[in-house]
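Please look over the structure shown here.

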Amino acid sequence: MEGKREKILINHGWRFWGNPRPVNEPKTKVAMYLSAKTERLRWGPGSYQHGDIAEHWHGGELCDEPWQAVDLPHDYIIEQAPDPSEAGPLGYFKYFPAWYRKHFSVPESDEGRRISIYFEGITGLSDIYLNGCFLKHHEGGYTSFEVDITDLVRFGEKVDNVIAVYVNPTSYETWWYAGGGIYRNVWLVKTDLVAVDLWGVFVPVKKIAGNEWDVPLEVTVRNDGDAAVDVEVTGRILSPSGEEVGLVDAFGGQVARYDKSTFSGGTKLSSPALWDLDAPNQYTMEVTVKKRVGDAYEVCDVVNQRFGFREIEWSGETGFWLNGCNVKLKGVCGHLDFGLTGKAVPDNICRYKMQMIKEMGANAFRTSHYPHQEATMDACDEMGIMVMGETRRFESSEEGLSQMEMLVKRDRNRPSVILWSTGNEEHYHQLEQGKRIHKKLENVALRLDPTRLVTSAMVEPLKSKVAEIASVIGFNYGMRDLEAAHEKYPDRPFVSSENCAVASTRGWYYGDTTAARGLMDARDRNSPHDPWYFGRELTWKYVMEHPWNAGTFQWDAFEHRGEAIWPRLCSVSGAIDLFLQRKDAFYQNQSHWLDMPMVHILPHWNHSGMDGFPFQVWAYTNCDEVELFLNGESLGRKVVERWLHVSWDVSYTPGRLEAIAYKGGVEVARCVRETTGEPVGLALRLENGPVKANGLDIALFTCVALDAEGREVPDATPMVYFDCVGGGKIVGTGSSNIDHTPVPCLDRKMYAGKISVAIKVGFPPKGSDTVKVTLIAKSDMLKGTFLTIEAKR
């Protein structure tokens, strides 16, 4: 296998022990002497011979702890029942440490190679051990890292190795749901001792003139051997369709033993297909590294790095430009969690979330307030979604600088990334110390990637010391100072890095309730506490009326756990709810961001016993006029002021509410709300197919209630009992963000006509490449139903 790079996903077959009891270590001199040596852990769950399961007991400790078999990604905090005595910002859950263990073997044929384990993300603080030997202490729940296990591996097909990970999420680094566990993918990586370093390829393309592009290639090669080595690097450029379109001639030099060296080469390319919002073309740089062996060079590593050709420009007068076109950033912020799996979000759900914001009309995403999963970033590259990449720690400490370095190195080849951010709403933004911190973080970014500008998400830019030096001024919320700030920094680009934060509850239209009930009206509005904290429509109107404002990142795309006030379990600012159901704000954003004619009216028209109740009926539209009809009678045709809603005061009468939208006097869109009958049955639909039979993907279903005419009942509230048969397992159900039933529960009371159900799809049976999964939904008073899907490996 020498010379061949292997990257093996090792998410399956882990053991987990949550909130472990203290280890009862012997107090003898011999025990302490042994524990002070290379194999630090001789006892307890991190030790090599700890018996996490009977077949892996090596004659050491006999196991009586409650170890569970788990697959990654895994979040053990989300499985609890919420507790009002716990911290609301963290989701009302108790946080506690845990151990993970995995047994694996490495064949003798791998001896002489470099072996490492790459962790995409572990919550909080973590300690990594191999065979009882300490490898790494890692701080930061949002940064990826690798550990080199080469020196400690025991080789042999039948020889056991044990990776043990201690996770401690109680050292809080957030004011939102933090979760707990190894919540992202884990990989076993095998390379030659001479190989490309982690994130060691950089392709900073630049347009020269006309359609001619410079294609520099920078490659960092590491040498884990005990002798210096001469290396030769070449590159091959592959088009989006996989055809060879360019070559980078050989370059290189010498890498000292146990060291790294960076080498540079490059070429030029004419008329490449550009990465753009509607045509997100990506190229591949195939990097080949050869090392001198005697008088010849032999291939020792091959790495494929995706990149894209696109030209970005920021202007203090006209905002943001992509490939020569003035583009407004129609952006959203978002945390990485998902209501049904917590922080452990499978790759296919990461992708589905980005599909949803694209459907909503967004063209940009801010990774608030930390680096997001690689799957999310891949989806942005592939779907044409621009990214503002943000680091977690606004610090010039060694840890803070390393977090910034990780963010930039990992994502600098991505064509989707247009801007780096050093932090969010930091008090130190207004201090000279913060100015110095920003300079240090910016220096890291520009040293590793001179092709992008750097901002920070600031409050009150007029008072900010960081605003004096930031190459792009990011501002959050209050817009009262923006005109003055723009006058103070007329040559500096501005971007609304966070705004709106309009609280709303899906399906609730009776105004805000008391805090004890936790329901917020679904309509848009400005903050009642500060008129300069605009809602969605006034924010977008302001952005569109000021060309120097590059655009907006709305808070936020998805409801996220934490930042909550009991009985609510989440922040309710999202345009999409905690369980990935679309709220009315989703369609309001479409009215601002999409060109295709549309109209959306609210509320729904099921309000039993409310005859005569005075409702404000709103219409969100991108059309010129809207006419509203109730039971065939016109309630008036209204001209729409661009970016704003139109409304009618309507006394509730059951029946048919219909809005017709016009452009240039011609009907172009309709929206209907009907009063349905009582629910008589259930229906299921798959939201995110196709899914793969890989033991990782989540199939996300929606359960709805239907009346006798087959219409969805928007206010249905039955109790529904779910079961799954075949090759899958229900991992979560959810409907209301004030429902305190634990997520894994199979029985769920419906809220506002919908329940979300997440099923993890397993592997196909032996001899097949397909697995069938059937979701069954039953209710005491309604006709049940089922839905079967097929998933391929």
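## Confidence

This is a predicted model. The average pLDDT for the protein is 95. A score of at least 70 is reached by 98% of the residues.

Where pLDDT is low, predicted coordinates should not be read in detail.

## Helix 2

Helix 2 covers residues 347–359, 13 residues in total. From first C-alpha to last, helix 2 reaches 19 Å. That is close to the 18 Å expected at 1.5 Å a residue. Just after helix 2 comes Gly 361, with a positive phi of about 105 degrees.

Which residues of helix 2 are buried? They are Asn 348, Ile 349, Cys 350, Tyr 352, Lys 353, Met 354, Met 356 and Ile 357.

What do the buried residues of helix 2 pack against? Their partners include two helices, helix 3 (374–383) and helix 8 (584–593). Strand 22 (329–333), strand 23 (364–366) and strand 38 (698–706) are also partners.

Ile 182 sits in the loop between strand 9 (156–168) and strand 10 (186–191). Is Ile 182 buried or exposed? Its relative accessible area is 0%, so Ile 182 counts as buried, the cut-off being under 20%. Beyond its neighbours within four places in sequence, Ile 182 contacts Trp 14, Leu 72, Pro 73, His 74, Tyr 100, Phe 119, Gly 121, Ile 122, Val 165 and Val 167. One of these, His 74, is 108 residues away along the chain, yet the two C-alpha atoms are separated by 5.7 Å.

Gly 266 belongs to strand 16 (residues 259–270). Its relative accessibility is 34%, so Gly 266 counts as partly exposed. Leaving out residues up to four places away in sequence, Gly 266 touches Val 215, Pro 216, Leu 217 and Val 248. Val 215 is 51 residues from Gly 266 along the chain, with 5.5 Å between their C-alpha atoms.

## Cavities

How many cavities of 30 Å³ or more are there? The count is nine. The largest cavity holds about 90 Å³ of space. It is lined by 16 residues, and those closest to its centre are Arg 561, Asp 739, Thr 741, Val 743 and Arg 748. By class, this lining has seven nonpolar, six polar and three charged residues.

The second largest cavity holds about 70 Å³. Residues lining the second largest cavity include Thr 505, Arg 506, Glu 559, Asp 577, Phe 579, Asn 737 and Tyr 751. Its lining divides into five nonpolar, four polar and three charged residues.

## The second largest pocket

The second largest pocket contains about 760 Å³ of space. Of its 31 lining residues, Ala 501, Val 502, Ala 503, Ser 571 and Ser 573 are the closest to its centre. The lining of this pocket has 16 nonpolar, nine polar and six charged residues.

Key. Residues are numbered from 1 along each chain as its sequence is written. This is a predicted model: local features need pLDDT of at least 70, side-chain atom pairs count only at pLDDT 80 or more; totals for chains, interfaces and linings use all residues. Side-chain values use heavy atoms; hydrogens and water are left out. pLDDT is the predictor's confidence in each residue, from 0 to 100. Helices (H or I, at least four residues) and strands (E, at least two) are DSSP runs, numbered from the N terminus. The expected span of a helix is 1.5 Å times one less than its number of residues. Buried means under 20% relative accessible area, exposed over 50%, partly exposed in between (1.4 Å probe, protein chains only). Contact means heavy atoms within 4.5 Å. On a 1 Å grid over the protein atoms alone, a cavity is a set of points where a 1.4 Å probe fits but cannot get out, and a pocket is an open set with protein on both sides within 12 Å along at least five of seven lines; lining residues have an atom within 4 Å of a point. Grid points are joined across faces, edges and corners, and a volume is the space filled by probe spheres set on the points. Ala, Val, Leu, Ile, Met, Phe, Trp, Tyr, Cys and Pro count as nonpolar, Asp, Glu, Lys and Arg as charged, and the others, Gly among them, as polar.
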